[in-house]
Amino acid sequence: MIRPMFGILVILAILSFPAIESRSHQNVVSSGIRFSALNCRKHSAILTDFGAVGDGKTSNTNAFKKAISKLSQMATDGGAQLVVPPGKWLTGSFNLTSHFTLFIQRGATILASQDESEWPVIAPLPSYGKGRDGTGTGRFNSLISGTNLTDVVITGNNGTINGQGQYWWDKFKKKQFKLTRPYLIELLFSKNIQISNITLIDSPSWNIHPVYCNNVIVKSVTVLAPVTVPNTDGINPDSCTNTLIEDCYIVSGDDCIAVKSGWDQYGIKFGMPTQQLSIRRLTCISPKSAGVALGSEMSGGIKDVRIEDVTLTNTESAIRIKTAAGRGAYVKDIFARRITMKTMKYVFWMSGNYNSHPDEGFDPKALPEVTNINYRDMTAENVTMSASLDGIHKDPFTGICISNVTIALADKAKKVQWNCTDVAGVTSRVTPEPCSLLPEKKAPAKNEDCAFPSDLIPIESVVLKKCSL
Ligand SMILES: *[C@@H]1O[C@H](CO)[C@@H](O)[C@H](O)[C@H]1NC(C)=O
Ligand SMILES: *[C@@H]1O[C@H](CO)[C@@H](O)[C@H](O)[C@H]1NC(C)=O
Ligand SMILES: *[C@@H]1O[C@H](CO)[C@@H](O)[C@H](O)[C@H]1NC(C)=O
Ligand SMILES: *[C@@H]1O[C@H](CO)[C@@H](O)[C@H](O)[C@H]1NC(C)=O
Ligand SMILES: *[C@@H]1O[C@H](CO)[C@@H](O)[C@H](O)[C@H]1NC(C)=O
Ligand SMILES: *[C@@H]1O[C@H](CO)[C@@H](O)[C@H](O)[C@H]1NC(C)=O
Ligand SMILES: *[C@@H]1O[C@H](CO)[C@@H](O)[C@H](O)[C@H]1NC(C)=O
């Protein structure tokens, strides 16, 4: 009985393969893929309806532009989704629209063009004043970009965006750019944003950059970059309010998550903080940089950040606070718990002398306030140095609290495990023994844990809707 059944199954499988293939290419709308989103859309279109060719060689910049321009007309009539079907879709930079979903199917790769003429040059961010790379002030528009938008979803069932970064990394290393390299996804002055269930590979520079945004969810995203290439930060929430980053897997040559809010005098003047940020269930590999960096550009302020259930492997440091005289503003009300670490240069790292400035116009008297920093319930193995905590002379970092942390050292660990200057705070149940500037809490508070908020930020209570293609 078993043999004939098996034979029939094999024949059925062979017969059904071409059918599945052609269905997924030609009639994707009936393929019934289900996904979760902030909003479902009334209208749907497929990229190939706009003349796109998925051969990895033909430029589809105009197909994306035509599709989005057409679908933008449905914004007030239930919105629209654009499906990117399996194939390799080469494109330059394009802009999104409101009440819009970009769905990148499994087997689909959006390939970033290596032709600079496919990337419009735009002005620097107002809170930075300058581009971050090169000597010029302009920057390349990001691959997928948008300004002043509402209700945008970039999702898929693990489709891919491939930045083909090699061209940009090589040219950057040779200092051949006057302009700042493009990012893969950047949304400016936008609200109600979801980026989920996609994989980003080999970005020219940063991967996901929401800036001046409200209500942002980045969820179940994979970011993969070679650990040797510069500035390939995973996710950079920048002057944003109410952001949730969860269930992400990031391998990067720079910080897995870099929280920012503008640069020196430009950021101070713009004055827009990053606040209400929750990062949870992050897995990160980043041998050259931090799991989560706060700064160095923090001149609009960073406050109310919650970080929990993070796994770091082969990461230079866990959370790193980076700032300098000239930045102004603050980094305060930071809470982290349940971080599991292995193979770290530093567990705790604070740098008050991160002296990169946009130009000579910064005010050295603009001192940042770093206070109320709470770390608890962490373990680390194979650590070279437990903590390098370096505040600013006459502007110490205060209110540091570290509790219930166990650090196991590497064979070649440093002799001095805690190096603290210009910092103040307390510790409880931390090994190896902290520096004298962070003394053990005294009874009766001796066994108290450092604070972690018991409330949620608003976006953590948002329930996604069930949508389908
Ligand atoms: C995208 O929008 C920006 C303005 O925000 C504009 O400068 C740029 O040219 C647009 N890009 C494309 C490809 O239309
Ligand atoms: C965004 O909105 C601001 C303020 O309304 C406006 O000045 C700016 O031109 C808009 N930018 C784009 C690219 O739509
Ligand atoms: C998105 O990712 C989550 C977590 O990995 C998974 O449960 C969900 O099924 C994914 N959704 C799609 C549409 O693939
Ligand atoms: C998505 O694809 C990436 C790259 O192929 C892979 O590493 C990752 O595990 C995939 N994620 C899911 C949830 O299938
Ligand atoms: C410990 O860390 C060192 C680098 O500091 C690394 O070479 C080594 O493989 C790690 N050992 C283990 C057991 O992970
Ligand atoms: C101490 O931290 C560990 C995680 O590293 C956690 O499992 C444990 O419950 C914490 N202990 C207390 C008393 O909170
Ligand atoms: C401790 O930190 C200070 C200030 O950053 C530095 O100058 C000094 O070399 C460090 N000492 C050790 C032993 O690491």
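Which residues are around ligand 3? I opened the predicted model with that in mind. I found Arg-34, Phe-35, Gly-156, Asn-157, Asn-197 and Ser-220 around ligand 3. I then looked up how much of the ligand the protein covers. Taken alone, ligand 3 exposes 360 Å², and the protein buries 43% of that. I sorted the shell by class and noted four polar residues, one nonpolar and one charged. I also checked Asn-197 for a polar contact. One of the polar side-chain atoms of Asn-197 lies 2.3 Å from an oxygen atom of ligand 3.

**Confidence**

I looked up pLDDT next. The chain has a mean of 93, and 93% of its residues reach 70 or more. Residues 1-30 are another matter, with pLDDT below 50. That stretch has 12 contacts in the model beyond near neighbours in sequence.

**The four-stranded sheet**

In what order do the strands of the open four-stranded sheet run? I read β5-β10-β13-β16, with parallel pairing. The edges are β5 (94-95) and β16 (208-211), each of which pairs on one side only. I followed β13 (residues 185-188) to its partner β16 and found four bridges, with the two strands parallel. Leu-188 stands opposite Val-211 in β16.

**Pairings of β15**

I went on to β15 (residues 198-201). With β12 (residues 159-162) it pairs in the parallel sense over four bridges. I picked out Gly-159, whose bridge partner in β15 is Ile-198. β15 also runs parallel to β18 (residues 222-224), joined to that strand by three bridges. Here Ile-201 stands opposite Leu-224 in β18.

**Gly-425**

I placed Gly-425 in strand β27 (residues 423-431). What does Gly-425 touch, leaving out residues up to four places away in sequence? I listed Ile-400, Leu-437, Leu-438 and Pro-439. I also looked up the spacing to Glu-440, which is 15 residues apart from Gly-425 along the chain. Their C-alpha atoms are separated by 9.2 Å.

**Backbone checks**

Then I noted some exceptions.

Which kind of peptide bond joins Thr-431 and Pro-432, cis or trans? I found a cis bond, with omega about -5°. Pro-432 is in the loop between β27 and β28 (465-468). Ala-443 and Pro-444 are joined by a cis peptide bond as well, with omega about 5°. I placed Pro-444 in the loop between β27 and β28.

My last entry is Asn-215. Asn-215 is not a glycine, yet has a positive phi of about 60°. I found Asn-215 in strand β17 (residues 214-219).

Methods
Residues are numbered from 1 along each chain as its sequence is written. Chains are lettered from A and ligands numbered from 1 in the order in which they are written. This is a predicted model: local features need pLDDT of at least 70, side-chain atom pairs count only at pLDDT 80 or more; totals for chains, interfaces and linings use all residues. Side-chain values use heavy atoms; hydrogens and water are left out. Two strands pair if DSSP finds at least two bridges between them. A residue is near a molecule or strand if one of its heavy atoms lies within 4 Å of it. A polar contact is a pair of N or O atoms within 3.5 Å; within protein, one must be able to donate a hydrogen and the other to accept it, and residues adjacent in sequence count only if both atoms are side-chain atoms. Accessible areas come from the Shrake-Rupley method with a 1.4 Å probe; for residues, only the protein chains shown count as cover. Ala, Val, Leu, Ile, Met, Phe, Trp, Tyr, Cys and Pro count as nonpolar, Asp, Glu, Lys and Arg as charged, and the others, Gly among them, as polar. pLDDT is the predictor's confidence in each residue, from 0 to 100. Contact means heavy atoms within 4.5 Å.
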